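Biologist: I have not seen this structure before. Please show it, and I will ask about it piece by piece.

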Amino acid sequence: MTCSSGNELPAINRARLMADLETLATFTEPGTPGTTRRFPSAAYMSGRAWLRERMEAAGLRTSIDAGGNLFAMLPGEHELPPLVAGSHTDSVMGGGRYDGALGVLGALEVARCLAGSGIRLHHPLLVADFLAEEANDFGVSCVGSRSLAYGLAPEWLDRSIAGQTLGQALAAMGGNPAGVTAPLLAPGAFAACLELHIEQGPVLEAAGATLGAVSGIVGIRRGTFILSGRPDHAGTAPMALRHDALTAAAELILAVERCARAEPGAVGTVGRLALRPNQSNVVPGEVTLTAEIRHLEPAAIALVWNYVLEAAEAACAERGVTLQLDAHTDAEPAAPPAWLLELVYSVCHGLDPRALVLPSGAGHDTGHLAHLAPAAMIFVPSMGGRSHCPEEYTAPEHLCTGVEALMRAIIAVDRRLA
Ligand code: GLV
Ligand code: MN
Ligand code: MN
């Protein structure tokens, strides 16, 4: 079965695309809900090994760089910087099967179609599986694309989870931690970057649109807070004398909600929390939580973040709880240059007159790649706007239309930059 395509363009092989998406979804951590392929789990590693075989079976030359990024190269006609198309194959705990996977397997499908057609790009095409895009317990998201554009701070590489440092986890995925403390690439190393992704929100579906050109990607500030109080007997410690880390944390969490609600366009979340000793008859002695604020404007992120810090410091001081903030990480907001957004929109509009231009509330590797090259994204609808959950779903015809749009955008950018 194939999707429709323009006269001279090869047809996307829908059955092959869907089979690849289904096979990748079988690589999931045992005993977890939905699709769970977290960095640096065995399921993630085996999924990538399978992906590399698929790339090589398509006749593409593969490599893994120091940042653990997996690339597959389709040669171009000229010695030019490559066009890059890709996304990520890691997932959140209990995620869906399309977040990231579509962008990687869709780009592979485009490379296969082009390789089997008479069309030869001027630029080489690099199909990319960027390492560890999702937030992880090391507190560093987009490990691979950050390494390419900015490098990783040495203290991040030393952070340890369950006896393994981020540097060791990177090495286990084929990367080289010693090589990533400086940016792996300089601006201009790529001709342009394109990422196909599910929208993960409700906008396209509500408008009856099957495609979207992404106008901007939110910036994200994310930090881990440790609130240290004192564990005491829950029956004998008088209320006025307690140092309850969890009630202070509750105020911090509500401050995130209140401050983000007060700033138009901002969202704020505390999605991860652990408390000790976590025992019903002991006053909580220590809470570790991760808070994040997102917005399209860096100044708005800083404003909300500072309000949250003030509120958290006050809540802790009132209870004699100490507040420690592990160095936060920032992902800068990013937007494609006007010419590239226009090109992507015109490709989308050519396939669906209802196509929209819309911003992304999710973070993406493209946000970091935008530091290196003109970078843009194409969205397809998410049913019910659901994502980061097992219910995540996009209809096969929409997945296929997205890959068609990606192929057309790659060809149009290649011609434009040649
Ligand atoms: C990535 O999925 C993010 O937006 O956190
Ligand atoms: Mn994603
Ligand atoms: Mn995600």
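Biologist: By class, which residues make up the shell around ligand 1?

Modeller: The model is a predicted one, in which local features need pLDDT of at least 70, side-chain atom pairs count only at pLDDT 80 or more, and totals for chains, interfaces and linings use all residues. Residues are numbered from 1 along each chain, chains are lettered from A and ligands numbered from 1 as written, and side-chain values use heavy atoms without hydrogens or water. Around ligand 1 are Glu133, Glu134, Arg222, Arg294, Ala362, Gly363 and His388, each with a heavy atom within 4 Å of the ligand. By class, the shell holds one nonpolar, two polar and four charged residues.

Biologist: How much of the area that ligand 1 exposes when taken alone does the protein bury?

Modeller: A side-chain N or O atom of Arg294 is 2.7 Å from an oxygen atom of ligand 1, and a backbone N or O atom of Gly363 also lies 2.7 Å from an oxygen atom of the ligand. For His388, a polar side-chain atom lies 3.1 Å from an oxygen atom of ligand 1. Taken alone, ligand 1 exposes 200 Å² (Shrake-Rupley method, 1.4 Å probe). Of that area, the protein buries 92%.

Biologist: How many aromatic pairs does a search of the whole structure find?

Modeller: Rings of Phe, Tyr and Trp (its six-membered ring) pair if their centres lie within 6.5 Å; planes under 30 degrees apart count as stacked, over 60 as edge-to-face and the rest as tilted. A search of the whole structure gives a total of four.

Biologist: Why does the pair of Phe27 and Trp50 tie together separate parts of the sequence?

Modeller: This pair is tilted, at 6.1 Å centre to centre and 35 degrees between the planes. Phe27 lies in the loop between helix 1 (14–25) and helix 2 (42–57), and Trp50 lies in helix 2, so the parts tied together are 23 residues apart in sequence.

Note on methods:
A polar contact is a pair of N or O atoms within 3.5 Å; within protein, one must be able to donate a hydrogen and the other to accept it, and residues adjacent in sequence count only if both atoms are side-chain atoms. Ala, Val, Leu, Ile, Met, Phe, Trp, Tyr, Cys and Pro count as nonpolar, Asp, Glu, Lys and Arg as charged, and the others, Gly among them, as polar. Helices (H or I, at least four residues) and strands (E, at least two) are DSSP runs, numbered from the N terminus.
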